[in-house]
Every structure is written in C-alpha cells, then in structure tokens.
Amino acid sequence: MRESSVALNRFGLGGRRGDVPPPEPKRWLLDQFGRFDPSPPAIRELPGSPALVTMFREARDNQREAKRQAEAADAKPDIAPELRPYRTLRDAYGQAAAVRTNLALTAPAPFVERLVHFWANHFAVSTDKLVTLGLAGAFEFEAIRPNVLGKFADLLLAVERHPAMLLYLDQAQSVGPDSMLGQIAARRGNKRGLNENLAREILELHTLGVRSGYGQQDVTELARALTGWSVGGLAQQPMLRGPGPGYWFAAPIHQPGERKVLGTRYEQAGEAQGEAILRDLAAHPATARHIATKLARHFGGDEPPLALVSRLEQAFLTSGGDLPTIYRTLIEAPEVWTGPPKFRTPWDWTLAALRAVGTESLPALMNANAFNQLGQPVWRPGSPAGWDDTAPSWAGPDALYRRVEVAERIASRAGPIDARALAEQLFPGSLADGTRKAIAGAESPVQALALLLASPEMMRR
Amino acid sequence: MIDRRSLLTHGAMLSGALFAPQIAWAAVPTERRLVFVIQRGAADGLATLAPTGDPAYAGLRGELANIGGGTKLDGMFTLHPALTQLAGRYLAGEALFVHATASPYRDRSHFDGQNVLETGGKLPYDRDDGWMNRLIGLLPGGAAKALALAPAIPTALRGAASVSSYAPTNLPDASAEYLQRIGRLYAGDPQLHALWSEAVQTRAMAENLVEDGGRGAAASGKMAASLMTGPAGARLVMIESNGWDTHAGQRGRLANQLIGLDALLAALHDGLGTAWADTLVIVATEFGRTAAVNGTGGTDHGTGGMAFMLGGTVKGGRVLADWPGLSQSALYEGRDLRPTTPLDSVLSGAIAGHFGLDPVRAARTLFPGGAGRPLEGLIRT
C-alpha cells in the first residue's frame, strides 16, 4: 500500500477527501495522460493574452497620460493615481491565480497538474514586473498546459514566443543594429539595439543550463537571431504595432545575416533562424542533462540520484525530447518510489491540506493571501530562475509555525471530518504511529484535523 | 458568517419592521434564551465538583485529591476554588449541578463522545443533525435565531434550520494546547523538532505569552451576551470551550481552564442584565475522566462526569446525584465513575421546562438515542 501513498503525494498533489487510494498506482499515473484537460472551461472563460496585452497597453497609456497631465499642471507627481490603471491587471492576475489553485484542487489528473506547475516554474515569469502581472496566468494556460504532454522543443518554442516571456525578459524591444529600424534609428542618433536578457536565460535556465559550455559569443548570437520575436499591439510606432495584440515576428527589427551558435551555422532568414537554433538547443545533450536533473530533483529527492538522472537523460535523447516518455521513465524509477521524501513547498502543502479537507475552490483574495502569508505568492518567484526546489529554501522555523497556524484555521473551517479515517486514506500504509496516536488522542475533531494537516507526513511528499 | 455589525443592522431592521402589518401578528418569538457551553476534551467532573465526602476519593486521587480549598456545597461535594463566581450563583439559588451523569455513549473516544452529545443519537454518527438545531423547530414561531460562537457551525447546531456562526478574536480556544501537541508530534522528527523548537523560542521572545487570567474568556462571554440582547438577538447560542483533556499536569491546567470558564459565565451573567432572568446556561462535556490519578499527575478518559446549569430560570442551589460511590466495586469497569443519571434526561428536562415544551416530545425530538425520561423540576415554574 505504500506505493499508492507515493503516487498520491509525491507524484500527485495529495489525496483528496473521499477519494479511494489508487489500487494500481502506476496505472493511475499513466492513465492521467489521457485524462488531462489542457483547456478546461474555467480557463476558457478568462481573458487570453491578446486581451491582456491590450489591457496592459491601456493601463500604460492611461498612466502616461496621468503623468503628462500632472506635469502639465505642474502638480507634484503622485505615484498612486499613475498606478491606478494597473488595477485591472491585478484583478486579472488574482482571477487567473484562483483558477490555477482551483484546478489543482479538483482536476482529474493531479500528476499532470504538478508537471504543469513544474514547467511553469522552470520557464518562470514573475509578476513583480508590471508587464507580466496580467499575463502570467495566460502564459501557463497558453504555453505550458497545451504542451505539457508534447515534445520539449514545442514547449520551448511556445514559451519563448509567448508575450509574457517576451515582455518579461525584454526580448520584445530588442532591435537588431543592422535591421531596417536599427539603421533608421542610428541615422537619427537614437540608440536602439540588442537586449540579450532572454537569449542568456534561454541558454542558462531554459535549455543547456549554467556552465554547460556556451560562451558570451553564443549569447550574443542567439540574441541577434531572436531579434524580431516581439509582441504586437503595444508599440507606438506604426511600423512596430504589428497585426494585433500578441506574438508577432517584427521583420523590421530582425538582425539580418548568418548566425553561429555552439559552432553551428544558421543561414536561415527571419523567424526561421531563431526557431532552428531553439530546436537544436532543445535536442542538445546538455539540455537533456539539465532537464533530467531538475525532474530527478523534483521527484527523486533534493540530491537527485545519479542513476535516475542518467536514465531520464537517455529517455530524453532517444525519444527526441518526448515528454510522456520521460514521465514514464519517472514512473518506472524505483528511486522515486523509495527515495527520501521532499519537503513540501508552501504551494504544495497548501494544496495538499485543502485537498485533504475536500475544498473545491478558494475565493481569489483568500487564495492570494494564503500563498503570500506562507511565502510563495503564485507566479511571483522574483527571478527568471523560478522557486528553488530543495528543502533549505522552505523548511524554516517561522515558515513551519505559519503552516501550523494555517492548519488550525483550515481545520476549524472544514466542517465535521473524522481525521482518523482521513489520515489512513491520505497516507495509505504510510502513516506513522506517532501521528496516528496524536490524532486519536486529540481533544476535539477540529484539533485532530489540525494535527493531521500539520503532521510530519503532510509536511513532506 | 455574520459579524457583530451585520447582526446589529439586522436588529435595527427587524424592530422597524414590527410596524409592518404582515408580521405584526406573526408568532412572537420567545424571550427565553439558551446557552450551551460544550467543554471539549472531557472535563474532569471529579475535580470540578469534587466528592470530598466519599471515603475512597482521597485514596484514588492521590496528589490531585486536594483541590486547594473551594466551596463546600453539601456534605459530599466541594466546588473547585477557581469557580468563585459560579459559587455565588449557587448561593443565589441559580446554579444546579448534576453528578455521575453521562450520555448513552460508553467508549472513550473524544470525537465519538462529542458526536453523541451533540447529535442526541445513540451511536456516533448515526445522525447528521444536532439537538440544538432540532430545538429551533420546537420553539414558538419556529424562527428563533441561533448562533455559534465558533468559526464553523458545530455539530449540535447543524441541521435543517439556518444558524449563524461568529468567531470572536478571543475565543478561549485550545491554541496553546494545540501548539503543545504539535511539539509532541514533532518530537520524533529531528528536522521538524529542530525547526519547531526554534520557532517557539523566537515567538516566546517576541510576545510575552503570559496567562491572561481569563480576560479572553470574559470577552467571549461579554460578546455572547451582546449578541443575545435586543429583539433580534440570538435565542440559542453555543459556545465551544476547548482544552479540557488533562492527561498530565492536571492541577494547574484545570485551574486555568476553570478560571476562564468562570470568567466566561460571569461575563454572560453581567452582560445579559435583565435578560438573565430568561436565560438558561447548560455546561456539559462528552464524558468524565478516570477516578484515579494517572502516572503523570493527570487523569485519562473515563465515563461518568458532571454537568451543570445556571440562569434566572434554574431551580438551583442544589446538587443532583444518585451517587454510586467510588469504591472499587462501584466503579464502572473498575476505573470510572459509574453514570447513574442519563445526561439526556437532564438536558431534555431542563430545556422543556425552560421553554415550556412537552417534556416527552422534547426528549424524543432532541435526544432520540437517549433514555427518554426527562427530569422534571429543574426549572422554576
């Protein structure tokens, strides 16, 4: 029975009250590939990235106008009214974040939902940049979810073309110096040029991994190749406005000419050049190693077992980056089924606790507050590297204390639940005697439930 | 959830609406009020109302036998010294104690025991609704406002009739007790134990965690009273009191618990003012504790216990007990106070008398799993 506990907690998002523990854990995990819905109704009802890009443009224009008026009136510049236009984006963020949580609480394929969260963190955008605030949800819903069961190369391309990524890492305004617009700007004495932010993070974070053999020249060449990967519907110059809000290859800012990345020549013109480089990066052995290591760390323990890393790496290379093949390797890996437990992140723990008591949805405000208080606001890791995936980042004294407090709050609002039966259901065959006794000896049903939600079993997966 | 402000607003609306013809001749809701205080965790009746006159008491209780003075109520029973204001109500003839009482439940699980006490069923979980909720339907007008002083509606108030809940900031809750249990739960886990010890030390330095001498509990009692006054005030209120599971170090912990309870009841009395004359407060727990002290200066889960009631309608100044004695042969299963009075008979009798209901019908509706013999004469007529 221990296996079904691993399936529920390490692979999945924790058992849900009333669900029968999976009798065939591996089958249960594999079947989720067929059950996963990349675009459930709750997501389809949200504004997509074109609407959100427009919302951002309006907010930005309103802000500029407010600032202009304030300056014209010689009034003291006031920050608050200028930022007010961004409220619509904050609301959009709150709604999308609530949808993410609610899907994680109810979706029929929790293992695949976990993988969605994994990839969204691997390709992190962070909402502490205003331009990303409204778009972070759409990024996960439009770039990650549809590709989570596809090829790594397609996932990578969808990510690097998404407006959220292009704006977050400044690619949208990167101008080839020899492009049509670059030359015009140069003649006028305007400095417009390359921004290599995204190119560097693609190599360092998204594909090859840091210190894996690329150099500054590769970064610069990739940045040149990617010029033109931009977002329409935002620019004020008519030439850069594009056909509409959303991803747009802006030929007038693309740096012409042949590129050389990691020793390979790319003679393609226009958008095809960047795509060819990204496809090669996606298939690179260093990328396979990098992704294998991160997946092994996420499922096999903070110290990723080397044998597991190399099996995942092989699966990546021989399947041409076929993600389900890699996931199947994980499911077959004894290291995952017997490995040391992972300390749950605040995101993981909160979901597990809410699922345990059968919560099916959380209002947007409560959702935001919960994750802020526990130290892991949704889509705001603060850096393109995403949240760290090891215990030292999360297992802190105050962090634990807060979880214990939240556990009591969740328990006191959960209604009548027999924590004794629930504990056996959540951790089939894996419940420690000490936890069982603590729950059975609690002085009230609410206290018993709180002890279960704060138990050592619950803190880890 | 409602908050106090919305309650007050509703109150204002209702009093204005009294002039509206459609409800001018509606059944007048009762003026009578009921407060049910549940002591979760099995409060020790043998220490709260100590049978100091029983020859076996001192031997069984050992270090706990001396409760430190108290108020002698009669030749047999001494009320715990922490309950000074409750003693005053007893002397005023407004408090009545029932000893050696128990619900039909005979095992020793807190949850199951509380479930039987709250649902009025015979077995744990054989009913979904609670007796307080069913009581709403028996009252004149059937529309008495019911309220739980708790974050969620407790089982006793769950059911078909609508009920509100309100969690004041200072509920006398078991948070400290819960945190202690967390500490024990983490004791065997090196990582969590280290984190937890550090967190607790940090918190202790940050805020001086002194006992508040019952101020939190008094605030709850005052709050409850304020929610029960006025024409739209609640008529049925349930207050949850946690922290009674005194397996170790009972002497100090129980005294603190009782200080809080005494303050809560006194604040209710003072806050209700003239409405106290129409009020019945019932205090009960899921079961009693072992007759003998255990190895850690505490007591374990038992059977027979003590319940009491107070209020302006109570025919008090008495202890009701068909005392079974504490000799080894008299104890239930050789360890617990033997229950001789069904708790449901006490509750149904008191409630029927207080609200003027047919006692047999009340007993059948509220406690279908009980003995069906409502005690009469508990309420002034």
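This is a predicted model: local features need pLDDT of at least 70, side-chain atom pairs count only at pLDDT 80 or more; totals for chains, interfaces and linings use all residues.

User: Why is the pair Arg61(B) and Asp44(B) called a salt bridge?

Analyst: The rule asks for a side-chain nitrogen of Lys or Arg within 4 Å of a carboxyl oxygen of Asp or Glu. Arg61(B) and Asp44(B) have their closest N and O atoms 2.5 Å apart. That is within 4 Å, so the label applies.

User: What makes Arg61(B) buried? And what makes Asp44(B) buried?

Analyst: Buried means under 20% relative accessible area. Arg61(B) has 0%. Asp44(B) also has 0%. Both therefore count as buried.

User: Which residue forms a salt bridge with Glu94(B)?

Analyst: Arg89(B), with the closest N and O atoms 2.8 Å apart. Glu94(B) and Arg89(B) are both buried.

User: Now chain A. Why is Asp154(A) called partly exposed? And Arg279(A)?

Analyst: Partly exposed runs between the buried limit of 20% and the exposed limit of 50%. Asp154(A) has a relative accessible area of 32%. Arg279(A) has 35%. Both values fall in between, so both get the label. Their side chains meet in a salt bridge at 3.3 Å, N to O. The pair links distant parts of the chain: Asp154(A) is in helix H10 (residues 152-160) and Arg279(A) in helix H15 (residues 271-283), 125 residues apart.

User: How do you know where domain 1 of chain A meets domain 2 of chain A?

Analyst: Contact means heavy atoms within 4.5 Å. By that rule, 18 residues of domain 1 of chain A are in contact with 19 residues of domain 2 of chain A. The two domains bury about 1,700 Å² between them, 65% of it on carbon and sulfur atoms. Phe118(A), Trp119(A) and His122(A) supply 32% of the area that domain 1 buries against domain 2, more than any other three residues.

User: What makes Lys129(A) and Asp170(A) a salt bridge?

Analyst: The closest N and O atoms of Lys129(A) and Asp170(A) are 3.0 Å apart. The limit is 4 Å, so the pair qualifies. The count between domain 1 and domain 2 of chain A is 1 salt bridge. Across that interface there are also 8 residue pairs in polar contact. On the domain 1 side, helix H4 (49-72) and helix H7 (110-122) of chain A each give two or more residues. H4(A) gives the most, with 8 residues.

User: Why does Arg460(A) with Asp189(B) count as a salt bridge?

Analyst: The closest N and O atoms of Arg460(A) and Asp189(B) are 2.7 Å apart. That is within 4 Å, so the pair counts. The interface of chain B and chain A has 2 salt bridges, and 13 residue pairs are in polar contact.

How values were computed:
Residues are numbered from 1 along each chain as its sequence is written. Chains are lettered from A and ligands numbered from 1 in the order in which they are written. Side-chain values use heavy atoms; hydrogens and water are left out. Buried area is the accessible area (1.4 Å probe) that two parts lose on being put together, summed over both. A polar contact is a pair of N or O atoms within 3.5 Å; within protein, one must be able to donate a hydrogen and the other to accept it, and residues adjacent in sequence count only if both atoms are side-chain atoms. Helices (H or I, at least four residues) and strands (E, at least two) are DSSP runs, numbered from the N terminus. Buried means under 20% relative accessible area, exposed over 50%, partly exposed in between (1.4 Å probe, protein chains only).
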